[in-house]
Amino acid sequence: MHIQYYKEHSEFLKREMEFKIYGHAGPVCLAFSCEGGRFYDWEDRGLVNSLGFLIDAGRLRLVCADSIDGESWLAGGEGRARAEMQERWFCWLTRELVPRVHALCAMADGEKLLTAGISLGAGHAANLYLRRPDLFCGALCLSGSYTARGWFGSYADDLTLRNSPADYLRLISAAQLAAYTGPFLLCCGQGPYEDRFLAETRAFETSLKAKPLPVSADYWGDDVSHDWPWWQKQAAVLFPRILDALEPTTTK
């Protein structure tokens, strides 16, 4: 498997940020770990290996990006500073990392990325797709949390709303819906430690369909826990599905 590692300065975050690229060909997917996770988690916890059959076949390239959740979603202290940090991270992703990935992966002009994540990372993935459909062509979200309310407590402002897809979804107009043409897949188990994430997934699915916005949701059994071994299995099943759904748009 072809693997590239990068550590580069971000003007938005005023620090060096790390990411890795796995694969040599195929659609590019920007991927996120669970809350507080690092760019190497997908590799260390077996998700990259579970997708090796797609990566080695040239059907998928993964870009695993670092988070700063510890300074935003998971941090203590004043809410505005935390919300501003999250927005700066979003700007790093969309205005620095995505153009860099385009260059490193020799992507065609106008070609879009997929995005995927687990737990809080699934919320990041959904947020990227819904806020920037000009950059992203679909999302795969496993065991996700889709509102900032559970992470910022009683604090709310324009930036927490901007990063809370379950809450700003109501503001998306009928005219804007035409931008969302790619596959949008949600998945969650119904077993241990999935209670909160299952409730958020069901509510998010209902809201998406009410817009209406194309979405597909899978609910796995009551033995399926909020943990890496199950995310490995879900990714191996659902990534081929999202790639198959993407092919008609990528071949036009």
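Colleague: In this predicted model, what is the order of the strands in the open sheet?

Modeller: The open sheet has 8 strands, and in this predicted model their order is β1-β2-β4-β3-β5-β6-β7-β8, with mixed pairing. Strands β1 (3–10) and β8 (216–219) stand at the edges, where each has a single partner strand, so one side of each is left without a neighbour in the sheet. From one strand to the next, the twist averages 20 degrees.

Colleague: How many bridges join β3 to β5?

Modeller: Strand β3 (residues 28–32) and strand β5 (residues 113–118) run parallel and are joined by 4 bridges, and across this pairing Ala 31 stands opposite Ala 116 in β5. Helix α5 (residues 120–131) packs on the sheet, where it touches β3, β5, β6 and β7 (184–188), and its direction makes about 160 degrees with that of β6. Helix α4 (residues 79–104) also lies across strands of the sheet, including β1, β2 (15–22) and β4 (61–65), and runs at about 45 degrees to β2.

Colleague: Turning to helix α9, which of its residues are buried, and where do they fall when seen down the axis?

Modeller: Helix α9 (residues 195–210) has 16 residues and reaches 23 Å from its first C-alpha to its last, close to the 22 Å expected at 1.5 Å a residue. Its buried residues are Phe 197, Leu 198, Glu 200, Thr 201, Phe 204, Glu 205 and Leu 208. Seen down the axis of α9, these buried residues fall within an arc of 165 degrees, so they line one face of the helix. What covers them includes α5, α8 (165–168), β7 and β8, whereas on the other side of α9 Asp 195, Thr 206 and Ala 210 are exposed.

Colleague: How should I read a pair of aromatic rings, and why is the pair of Tyr 5 and Phe 39 tilted?

Modeller: A pair of aromatic rings is described by the distance of the centres and the angle of the planes. The rings of Tyr 5 and Phe 39 have their centres 5.8 Å apart and their planes at 35 degrees, so the pair is tilted. This pair links distant parts of the chain, with Tyr 5 in strand β1 and Phe 39 in the loop between β3 and α1 (41–44), 34 residues apart. Tyr 5 is partly exposed, at a relative accessible area of 42%, while Phe 39 is buried, at 6%.

Colleague: What do Phe 184 and Phe 204 form?

Modeller: They form an aromatic pair that is edge-to-face, at 6.2 Å centre to centre and with 75 degrees between the planes. Phe 184 lies in strand β7 and Phe 204 in helix α9, so the pair ties together parts that are 20 residues apart in sequence. Phe 184 counts as buried at 2% relative accessibility, and Phe 204 counts as buried at 1%. Both belong to a cluster in which ring pairs link Tyr 129, Tyr 146, Tyr 180, Phe 184 and Phe 204.

Colleague: Where in the backbone is a peptide bond cis, and which residue other than glycine has a positive phi?

Modeller: Most residues other than glycine have a negative phi, and most peptide bonds are trans. Here the peptide bond from Lys 211 to Pro 212 is cis, with omega near 0 degrees, and Pro 212 has its place in the loop between α9 and β8. Ser 119, in the loop between β5 and α5, has a positive phi near 55 degrees and is buried, with a relative accessible area of 0%. Ser 143, found in the loop between β6 and α6 (149–152), has a positive phi near 50 degrees and counts as buried at 0% relative accessibility.

Methods. Residues are numbered from 1 along each chain as its sequence is written. This is a predicted model: local features need pLDDT of at least 70, side-chain atom pairs count only at pLDDT 80 or more; totals for chains, interfaces and linings use all residues. Side-chain values use heavy atoms; hydrogens and water are left out. Two strands pair if DSSP finds at least two bridges between them. Helices (H or I, at least four residues) and strands (E, at least two) are DSSP runs, numbered from the N terminus. Axes are lines fitted to C-alpha atoms, for helices over the stretch in contact, and angles run from 0 to 180 degrees between N-to-C directions. Contact means heavy atoms within 4.5 Å. The expected span of a helix is 1.5 Å times one less than its number of residues. Buried means under 20% relative accessible area, exposed over 50%, partly exposed in between (1.4 Å probe, protein chains only). The arc is that of the directions from the helix axis to the C-beta atoms. Rings of Phe, Tyr and Trp (its six-membered ring) pair if their centres lie within 6.5 Å; planes under 30 degrees apart count as stacked, over 60 as edge-to-face and the rest as tilted.
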